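Hi,

Here is the structure I said I would pass on.

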Amino acid sequence: MKASKIAYKPVGLALGAISGMAAGLAFKQTWKMVGHEDDAPDATDEDRTWKEVLLAAALQGAIFAVVRAAVDRAGAATTRRLTGTWPG
């Protein structure tokens, strides 16, 4: 394994935590606009329909994937600018 890849591991872990928090906040704000409610439905929420639960899950997954990819890509690009090598 290349030294740059090993050195990037802690940075990648930190970026992963940051992206998770950012995705959670983005989902909460998006659900407020889409669902017109403060809380998204849980899969075991008896008072919610299948449509609501599955829409919330799909939206949350999509937002998480996009935010994580954007943060990971920005971290790798920044690493390349600083070190001259791509961490992946």
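**What I found**

Of the 88 residues in the protein chain, 20% count as buried. Do keep in mind that this is a predicted model.

On overall shape: the secondary structure comes to two helices and zero strands. The C-alpha trace spans about 55 × 25 × 15 Å along its principal axes. The radius of gyration is 17 Å, whereas a compact globule of 88 residues would have one near 12 Å. If you look at contacts between residues at least 6 apart in sequence, 52% of them join residues at least 24 apart.

Now for the inside. The largest nonpolar core is made of nine residues: Y8, L15, A23, F27, W31, A56, I63, V67 and V71. Both α1 (3-35) and α2 (50-83) supply at least two residues each to this core, and α1 gives the most, with five. Take V71 from that list: setting aside its neighbours within four places in sequence, V71 is in contact with L15 and S19.

M33, V34 and L55 make a nonpolar surface patch of about 290 Å².

Cheers

Terms used: Residues numbered from 1 in each chain as written. Predicted model: local features only at pLDDT ≥ 70, side-chain atom pairs only at ≥ 80, totals over all residues. Heavy atoms only, no water. Core = buried A, V, L, I, M, F, W, Y, C linked by side-chain atoms within 4.5 Å. Buried < 20%, exposed > 50% of the residue type's maximum accessible area, 1.4 Å probe, protein only. Helix = DSSP H or I, 4+ residues; strand = E, 2+ residues; numbered from the N terminus. Contact = heavy atoms within 4.5 Å. Patch = residues over 30% accessible without salt bridge, like charges linked within 9 Å, V, L, I, M, F, W, Y side chains within 5 Å. Areas by Shrake-Rupley, 256 points an atom, 1.4 Å probe, with all protein chains shown as cover. Salt bridge = Lys/Arg side-chain N within 4 Å of Asp/Glu carboxyl O. Rg over C-alpha atoms; globule rule 2.2 N^0.38 Å.
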